[in-house]
Amino acid sequence: MKILLTGNTGQLGYELERSLQGLGEIVALGRGELDLSNLDQIRDVIRTVKPGLIVNPAAYTAVDKAEAEVELAMRINAEAPAVMAQEAKTLGAAMIHYSTDYVFDGTKGSPYVEDDPTCPINVYGRSKLAGEQAIQAAGISHLIFRTSWVYGMRGKNFLLTVLRLAQEREELRIVGDQHGSPTWCRSIADTTAHILAQTQASGDLQSWWQRHSGVYHLTAQGQTTWAGFTQAILDNAALAKSPVVTAITTDAYPLPAPRPAYSVLSCERLKQAFCDLPAWDDALRLCMH
C-alpha cells in the first residue's frame with residue numbers, strides 16, 4: 001500500500017515516518033513539497049502520488065496566533081483535510097487524521113467521550129473540529145484521533161519550553177487549574193502503526209474499515225495540570241539546580257486564546273477496539289531518558 005504522510009518535519013510527522021516503516025511504501029512530504037495552505041497543491045500531489053492511505057498529522061497548531069490568523073488556521077486545519085478527503089474519495093483511499101482535545105469547552109469535569117457535544121472556545125479548536133466534520137462528511141474510510149498536550153524532543157512544544165526556561169529562571173510560574181493528559185508524540189505514532197498493522201492483518205481491508213471508521217480519543221492515561229507536568233519534567237531532567245514551580249490561575253496568565261479548564265479524554269473506545277497507551281508520567285520518563 002502506498003501511504004502519503006504529510007508534515008514529516010513536524011514532531012508527530014517525524015515520529016510517524018519512523019513508526020510506519022514496513023507497513024507500506026511511504027511518501028513523506030514536508031511543507032516544502034506539500035503546503036497545506038495551498039489547496040491546489042494538495043490536489044496535485046494526491047493525484048500524482050495516488051495513495052491508498054493518507055496520514056495527516058500536519059496542522060496549524062499556534063493556538064494563540066490562530067486568534068489573529070483565522071483564515072490561515074481554517075485553511076490548513078479545515079479546508080485542507082476537506083480537500084484530502086475529497087481526493088481520497090475519488091481514489092477509494094482511506095484517511096488517518098489527528099485532532100485535538102480543544103474541540104471541547106472544558107466544562108464537563110469528567111473525561112470526555114467521543115460522542116460528547118463539541119463546543120470549541122478558541123479558533124484553533126473550531127478549525128480542528130471543522131476538519132473532523134469535513135472528513136466525516138466525505139463518506140470515506142477514516143480514523144480521526146483526538147489527542148492532547150502533545151510533546152516530544154523535537155520542534156516546538158511545552159516540554160522543550162520548560163527545559164529552556166529552567167536554564168534561565170529560578171522560578172517558573174505555571175498554570176495549575178487546567179487539566180489534561182500530556183501525550184508523547186512517539187506514543188501516538190507507535191499506536192497508529194499498531195492499528196495500521198491490524199488493518200493489514202485483517203485480510204479484508206474493506207470490512208475492517210467499515211467496522212472501525214470513526215473518531216477515537218488517543219491520549220496517555222491519567223491526568224495532570226500544566227504545573228504538575230512542569231514539575232514532572234524537572235524531576236526527570238535531573239538539573240544541577242531546578243527552578244521552583246509555582247502554580248498560578250489561568251486568570252493570572254492571560255493569553256489571546258481561551259483554553260478549556262478540563263480537557264481530559266476518555267480512551268475507552270480506543271482500548272476496546274485496539275489498545276491502550278501508557279500512563280502520561282511513564283511515557284514522559286521514556287521520552288526523556
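1. You'll find 14 salt bridges in this structure, a salt bridge being a side-chain nitrogen of Lys or Arg within 4 Å of a carboxyl oxygen of Asp or Glu. Keep in mind that this is a predicted model, where local features need pLDDT of at least 70, side-chain atom pairs count only at pLDDT 80 or more, and totals for chains, interfaces and linings use all residues. Residues are numbered from 1 along each chain as its sequence is written, and side-chain values use heavy atoms, with hydrogens and water left out.

2. Start with Glu15 and Arg186, whose side chains form a salt bridge at 3.0 Å, N to O. Glu15 sits in helix H1 (residues 11-19) and Arg186 in helix H6 (residues 185-201), so this pair ties together parts 171 residues apart in sequence. Helices here are DSSP runs of H or I with at least four residues, strands are runs of E with at least two, and both are numbered from the N terminus.

3. How accessible is Glu15? Glu15 is buried, at 6% relative accessible area, while Arg186 is partly exposed at 29%. (Buried means under 20% relative accessible area, exposed over 50%, partly exposed in between, with a 1.4 Å probe and protein chains only.)

4. Next, look at Asp64 and Arg259, which meet in a salt bridge at 2.6 Å, N to O. Asp64 is in the loop between strand E3 (53-56) and helix H3 (70-91), and Arg259 is in the loop between strand E12 (244-248) and helix H9 (268-273), 195 residues apart.

5. Asp282 and Arg285 also pair up, at 3.0 Å, N to O. Both belong to helix H10 (residues 280-288), three residues apart, or about one turn of the helix.
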